[in-house]
Amino acid sequence: MGKSRLLLLLKHRENKRLLVKLLTPRFELVLPSEEDPQLSALTADAFDLAIFDLVELGTWRAQLSRWRKDAEPLFLPMLALMPRGAVGALPLDVRYQIDELVTVPVDPAELDVRIAILLRARGLSQELALQNQRLEEMNKLKTRFVSVVSHEFRNPLSIISGMAQLLERQGPKMAAEKQQSMYRRIQSNVSKLTDLLEDLLILNRNASAQVKLEPAFIDLKAQCQKTLNDLNLSNRGSRQINFHAQGELSNVYVDAALIDTILNNLLSNALKYSPPDSVVHLSLQRRDDQIILEVKDRGRGIPYEDQPDLFEPFFRSQNVGSTPGTGLGLSIVKQCVDLHGGTIHVDSQVDRGTTFIVLLPSTAPLKS
């Protein structure tokens, strides 16, 4: 943890010399320079505590108020040095600018205590602001969860209920082929619900650290090919996946199950958001001790302003339209990549396609 930064605004030379000597070993001091005595470039996040005397309070009073306002919701404390007799004569509006007082001549022990109290209060305000930020993020996540999950559950359940009622009322009168078609629709929607529940379980296990990395030496090229074969069966050939592998991939130290999750989610998304006649590209290469996995499509792309939130749970880009989805896939991918100690990057332009690049370490040992 770095040193706290103290801004010294002192007209009295002897007090300034004394404080610089006392505080330099423990704090980082911010002092007006001869080139820029007005500290024109100084912002509220450049210091943790301002110490000033009565003369400089008059000079900097408006600026101190602006700095304090700019720092909100963090507490930016102000400590004043002044003669004992001057305290009672301070106007009320000036008193409200001051959080602590140290009378002059300065007692070093008293100064230490006042500074410690103010910096502790600032630290508590930082913790409170962080907790409020986390609470706000949790509320946003809860809102997304309720919105996405209720929608994704409601549609399949409505279809299942409707099909079941039709079969109950008219089943005996229906042709066998129509009955089978309805049974297939029911099964398809049951599968959607099962996949959604599985995504939620994976997300919960990863977030609660119940999933541990279990790496082993595997043939990564063969693993990718197996995943592609499974996807081609479900895709029924409506979109083509072009697979290219390069380098020694027969002995890569990764978690096969997590790799399968990464591939399934990235490729499924690429297929889902690409035109029916387009080609999705999967490339895999080993470079030194690193695996580079790239999934590229020519689909609708992701708006630039949505990209920072892309890996947040339940987040869906603004241009997904009516395409079904929960916004869980990329969040799960990010967790699987993090467990490997890797990184994931996205390069995307609207209507020009998206490329996801996953970088993973390929050799033991890995941290689990």
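1. Let's begin with a term: a salt bridge is a side-chain nitrogen of Lys or Arg within 4 Å of a carboxyl oxygen of Asp or Glu. By this rule the count comes to nine salt bridges. In general, side chains of opposite charge can pair when their charged atoms come close.

2. A word on the background. This is a predicted model, where local features need pLDDT of at least 70 and side-chain atom pairs count only at pLDDT 80 or more, while totals for chains, interfaces and linings use all residues. Residues are numbered from 1 along each chain as its sequence is written, and side-chain values use heavy atoms, with hydrogens and water left out.

3. Now look at Arg5 and Asp48, a salt bridge whose closest N and O atoms are 3.4 Å apart. This pair links distant parts of the chain, 43 residues apart: Arg5 sits in strand E1 (residues 5-9), and Asp48 in the loop between strand E2 (28-30) and strand E3 (49-53). Helices (H or I, at least four residues) and strands (E, at least two) are DSSP runs, numbered from the N terminus.

4. How accessible are these two partners? Buried means under 20% relative accessible area, exposed over 50%, and partly exposed in between (1.4 Å probe, protein chains only). Asp48 is buried because its relative accessible area is 9%, whereas Arg5, at 24%, counts as partly exposed.

5. An α-helix has 3.6 residues a turn, so residues three or four places apart point the same way. Lys334 is partly exposed at 28%, and so is Asp338, at 42%.

6. Helix H2 (residues 54-71) deserves a look too: a kink of about 70 degrees is centred on Trp60. The bend at a residue is the angle between axes fitted to the seven residues ending there and the seven starting there. Trp60 is also among the buried residues of H2, which include Leu57, Leu64 and Trp67.

7. The expected span of a helix is 1.5 Å times one less than its number of residues. The 17 residues of H7 should therefore span 24 Å, and the end C-alpha atoms are 24 Å apart, which agrees. Among the buried residues of H7 are Leu258, Ile262 and Asn265.
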